[in-house]
Amino acid sequence: MNKCFKVVPLVLASVAMLAGCGSDSASNFKAGFILVGDETEGYSEAHINGIKAAAKKLGIPEANLMWKKKVEENEAVTTAGKDLIANGASLVISNSYGHQDYMKDLADSYPDQQFVSMTGDYAAISGASNFKNAFTNIYEARYVSGIVGGMKLKELIDAGTITADDAKVGYVGAYSYAEVVSGYTAFFLGVRSIVPTATMEVIYTNSWFDVTKEANTAETLVNDGCHLIGQHADSTGAPSKCEDMLKAGKICYSVGYNVDMRSVAPNAALTSATNNWEVYYEYAMKSAMNGNVIATDWSKGYADGAVGITDLGNQAAKGTDAAVKAAEDALKAGTLHVFDTSKFTVDGEVVTSKMFDLSYKDWAKGGDEIYHGNTVETVKKDGDVSYIEESVARSAPYFDLRIDGITEKK
Amino acid sequence: MNEEENKSLETVVPSESESEKKKGMSSFFASIKTKFVKKDNAPSDELPRDKREPLIRIAKRNNVTWKTKLIAGLSCVGTAILVSILFLWAISGANPFSIIGAIFQGTFGNSIKLWAAIKEIVILLAVALALLPAYKMRFWNVGGQGQILIGALLTAICMQYLGDKMPSALVIIFSIIFAAVGGALWAYIPAIFKAKWNTNETLFTLMLNYIAVLLVTFFTDRWKGQKSSMGTINSSTKSGWLPTLKLGSAIDGKVLIPLILVILLTVFMYFYLRKTKHGYEIEVVGDSVSTARYTGIPVPHVIRRTLAMSGCICGLVGFFYVAGFDHTLSATTSGGYGFSAVIICWLSNFNPFVMIGYSSLLIFLEQGGRNLSNTMYYQYSGLNEYSTQLAVFLIIIAIMLTSFFIRYRLVFAKDNKVTVKKAEQ
């Protein structure tokens with residue numbers, strides 16, 4: 001009799017606990033995020049906002065989101081990741097390319113959790129089944145932001161402020177690898193779809209985030225005769241410099257990245273290309289929460305709302321809205337291909353074949369292969385249109401042709 | 001000075017000492033006061049204070065029993081922890097008991113946290129043990145960080161350049177040799193200068209830290225190529241990586257071997273310093289170089305030998321960092337333990353077994369602080385990683401002060417006057 005009394009409540013309690021687990025997966029699901037910056041840096045801020053919005057949608061309480069901010073690209077990632085797992089995270093996501101190796105290590109050590117290295121490029125060939133990569137088709141948004149810039153240049157030309165041959169574009173790039181090359185080429189093609197005479201000069205800062213360097217680079221570009229400054233670096237350095245120089249009488253406008261730049265450049269900022277990370281975070285957290293496997297490579301664009309441009313600035317040219325809308329609709333419908341081979345040449349030739357080796361190599365050691373991947377043809381045909389496919393063979397960008405009209409300044 | 005000081009107190013103490021002892025715990029400070037008084041009876045009229053005597057003097061306490069030390073230590077640390085928790089409570093409004101709970105959870109929450117703590121303790125203890133003989137010899141080696149980094153760098157170099165040329169086991173053997181020799185050399189350089197020209201070893205070892213950091217940065221910058229950072233070395237072949245023992249989820253296979261090694265090292269250091277000729281020589285050189293010379297101890301040789309050993313162990317710690325734990329190299333590889341270890345050395349009064357306790361306490365507090373901000377930050381914005389770190393350091397400073405006052409006491413000039421007066425009555 002006595003025993004019975006003891007056992008029954010125990011059984012009831014455990015049943016209640018089990019029921020608690022089953023009925024509300026969102027409140028038991030924990031995810032950890034390893035970020036290279038924090039709210040003060042545009043790129044990470046966009047991730048944080050995306051994560052919070054996605055969690056809200058899925059009903060995941062904020063308490064279940066664990067943050068590791070300002071995590072450097074070294075062994076600190078491993079420490080942070082372990083800490084997140086120890087605190088119950090079943091999904092760990094990092095947002096910087098340099099976090100990737102450590103995330104792969106963590107994935108090897110903890111097979112029961114899923115690990116995503118955003119912007120990473122070798123999950124599919126690494127052999128770790130719980131290790132994933134994700135990105136967005138940001139090149140689509142850069143193309144559209146190029147249209148906004150092109151419309152402004154066209155307005156300046158039509159007004160006689162600059163000549164058609166003067167339509168020079170500057171680009172503040174972080175590093176010289178495919179992610180940046182793909183981005184500035186898309187941006188340039190967007191500009192040239194409006195202003196066929198446009199040329200572009202690219203300068204690398206060799207840093208993802210350096211306010212001073214980006215500002216100085218923008219200044220150099222404007223002094224080189226550029227009237228439109230695009231960027232693939234994460235600070236507000238370039239737009240605020242453009243604003244200063246515009247005030248000082250130069251003709252220069254800025255197209256930013258990640259965040260709306262109107263707060264630092266109310267007149268110079270035309271728009272910014274942005275990632276809408278919420279789309280991916282919602283997908284990834286929902287999958288992990290329901291015990292599903294996350295896609296090894298995920299990259300979506302306009303069609304899924306994963307990329308976009310911010311509201312137009314007050315100096316944007318008349319008719320920009322319509323031009324943007326037309327391009328966005330075409331991208332959504334899949335009728336517009338950004339890297340349409342009829343729209344550019346390389347060394348004067350039309351590109352007919354571009355092979356891409358998916359292998360992950362160590363360039364510091366003369367290109368030794370670290371993980372082997374297949375070599376695939378990236379030139380595809382869609383009806384009569386021939387185009388270079390981007391972000392399909394893997395999520396991270398791989399378009400790295402230097403097309404005619406763009407010069408990289410050393 | 002000391003003698004005079006003792007005499008002055010002695011005149012007051014005898015009558016009080018017996019009664020105060022009976023008061024028990026509450027007056028243990030007073031009882032400490034009584035214990036170091038020498039039993040010789042100096043005449044009280046020899047007391048007048050030197051007019052140039054400073055207002056506050058520091059005097060060593062003698063004959064403090066370990067029991068008193070323990071009680072004093074525990075109660076002070078306890079008070080410090082209490083004050084820190086009150087501080088955290090005051091800035092955040094969180095329930096103090098949940099704060100304590102979260103601190104304990106930081107180490108004992110689950111097996112991952114426990115092994116993460118053990119890993120940190122092992123490293124901190126190893127570095128402290130490495131520095132121990134140097135400090136015992138009163139050689140201010142603040143170059144632990146540099147010696148670790150050199151060991152780490154040489155390991156990384158072996159992995160980077162030998163990784164694809166020979167089997168992993170050979171790479172590991174080469175790494176161990178290079179790391180040990182490199183670390184030893186990095187400590188040997190200032191030792192030569194100290195032994196020969198009596199240069200300032202604090203500055204010398206400190207400067208070598210910067211050189212080590214820059215060397216590491218130079219190489220990592222080369223190895224990262226076009227990437228924004230270097231990543232792990234030999235990530236696909238795992239050449240030169242220490243194999244991870246698969247011992248189930250309860251035990252971290254990466255930490256077990258270092259744990260066993262550090263226990264052996266602790267025992268070795270204890271006997272090395274207390275029971276061997278080397279240990280004796282180190283102690284004599286530490287107490288007085290002149291005495292050492294007079295007794296025929298080859299001082300320069302002892303300095304060089306001891307520092308080489310110190311650096312060798314640091315270098316091996318660097319090896320474990322790169323080949324065992326991180327598989328990468330950065331200027332932050334040594335995690336600042338080269339300096340924390342100095343604190344551990346001093347707090348433990350050069351006793352290797354006491355060092356285990358202090359290393360564990362330090363890591364326990366750090367893990368606890370981190371867990372606190374991890375688990376409660378979203379509710380109480382006051383509990384971020386900075387405020388919890390601040391609380392941890394408050395406790396560490398309290399421990400340092402405690403250990404100082406267990407060994408020494410302040411003597412105020414005014415007190416002397418009072419005692420003189422009392423004595424005259």
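Modeller: Let us begin with a definition: two residues are in contact if their C-beta atoms, placed from the backbone, lie within 7 Å. Please keep in mind that this is a predicted model.

Biologist: What share of the contacts in chain B with a separation of 6 or more comes from residues 24 or more positions apart?

Modeller: Chain B contains 17 helices and 2 strands. Of its 425 residues, 40% count as buried. Among the contacts in chain B with a separation of 6 or more, the share that comes from residues 24 or more positions apart is 79%.

Biologist: Is Val171(B) buried or exposed?

Modeller: Val171(B) is located in helix H8 of chain B, residues 168–197. A residue counts as buried if 20 or more other C-beta atoms lie within 10 Å of its own. Val171(B) has 25 other C-beta atoms within 10 Å, and therefore it is buried.

Biologist: How far apart are the C-alpha atoms of Val171(B) and Gly240(B)?

Modeller: Apart from neighbours within four places in sequence, Val171(B) has contacts that include Cys158(B), Leu162(B), Ser239(B) and Gly240(B). Val171(B) and Gly240(B) are 69 residues apart along the chain, yet the separation of their C-alpha atoms is 5.1 Å.

Biologist: How are H11(B) and H13(B) oriented towards each other?

Modeller: Helix H11 of chain B covers residues 277–287 and helix H13 of chain B covers residues 299–326; they pack with their axes 10 Å apart, at an angle of about 110 degrees. Angles of 65 to 115 degrees count as roughly perpendicular. That angle therefore makes H11(B), relative to H13(B), roughly perpendicular.

Biologist: Which residues of H13(B) does H11(B) meet?

Modeller: H11(B) passes H13(B) in a left-handed crossing. By class, their contact has 4 nonpolar, 1 polar and 1 charged residues. From H11(B) come Glu281(B), Ile282(B) and Val285(B), and the residues they meet in H13(B) are Val299(B), Val302(B) and Thr306(B).

Biologist: Why are H14(B) and H15(B) described as oblique to each other?

Modeller: Helix H14 of chain B, residues 337–347, packs against H15(B) at an angle of about 135 degrees, with the axes 9 Å apart. Angles under 35 degrees count as roughly parallel, over 145 as roughly antiparallel and 65 to 115 as roughly perpendicular, and the rest as oblique. The pair H14(B) and H15(B) is therefore oblique.

Biologist: How many nonpolar, polar and charged residues are in the contact of H14(B) with H15(B)?

Modeller: The crossing of these two helices is right-handed. Ser340(B), Ile344(B) and Leu347(B) in H14(B) meet Met355(B), Tyr358(B), Ser359(B) and Leu362(B) in H15(B). By class, the residues of this contact are 5 nonpolar, 2 polar and no charged.

Biologist: Which helices of chain B give two or more residues to the side that touches chain A?

Modeller: The contact between the chains takes 27 residues from chain B and 27 residues from chain A. On the side of chain B, the elements that give two or more residues are helix H6 (111–136), helix H9 (201–224) and helix H15 (352–376).

Biologist: How is that side of chain B divided into nonpolar, polar and charged residues?

Modeller: Chain B gives 27 residues to its contact with chain A. By class they are 4 nonpolar, 17 polar and 6 charged.

Biologist: Which strands stand at the edges of the open sheet of 7 strands in chain A?

Modeller: This sheet has the order S12-S10-S9-S8-S6-S7-S19, with mixed pairing. Each edge strand has a single partner strand, so one side of each is left without a neighbour in the sheet; the edge strands are S12 (307–309) and S19 (406–409) of chain A.

Biologist: Which residue of S4(A) is the bridge partner of Ser94(A)?

Modeller: Strand S3 of chain A, residues 91–94, is covered on both faces: Leu91(A) and Ile93(A) on one side, and Val92(A) and Ser94(A) on the other, are all buried. S3(A) pairs with strand S4 of chain A, residues 114–118, in the parallel sense over 4 bridges. In S4(A), the bridge partner of Ser94(A) is Ser117(A).

Biologist: Which residue in the turn between S17(A) and S18(A) has a positive phi?

Modeller: Strand S17 (residues 379–382) and strand S18 (residues 385–388) of chain A run antiparallel and are joined by 4 bridges. They form a hairpin with 2 residues between them, and the residue in the turn with a positive phi, of about 65 degrees, is Gly383(A).

Terms used. Residues are numbered from 1 along each chain as its sequence is written. Chains are lettered from A and ligands numbered from 1 in the order in which they are written. This is a predicted model: local features need pLDDT of at least 70, side-chain atom pairs count only at pLDDT 80 or more; totals for chains, interfaces and linings use all residues. Axes are lines fitted to C-alpha atoms, for helices over the stretch in contact, and angles run from 0 to 180 degrees between N-to-C directions. A crossing is left-handed if the near helix is turned anticlockwise from the far one by less than a right angle, and right-handed if clockwise. Ala, Val, Leu, Ile, Met, Phe, Trp, Tyr, Cys and Pro count as nonpolar, Asp, Glu, Lys and Arg as charged, and the others, Gly among them, as polar. Two strands pair if DSSP finds at least two bridges between them. A residue is buried if 20 or more other C-beta atoms lie within 10 Å of its own, exposed if 12 or fewer, and partly exposed in between; C-beta atoms are placed from the backbone.
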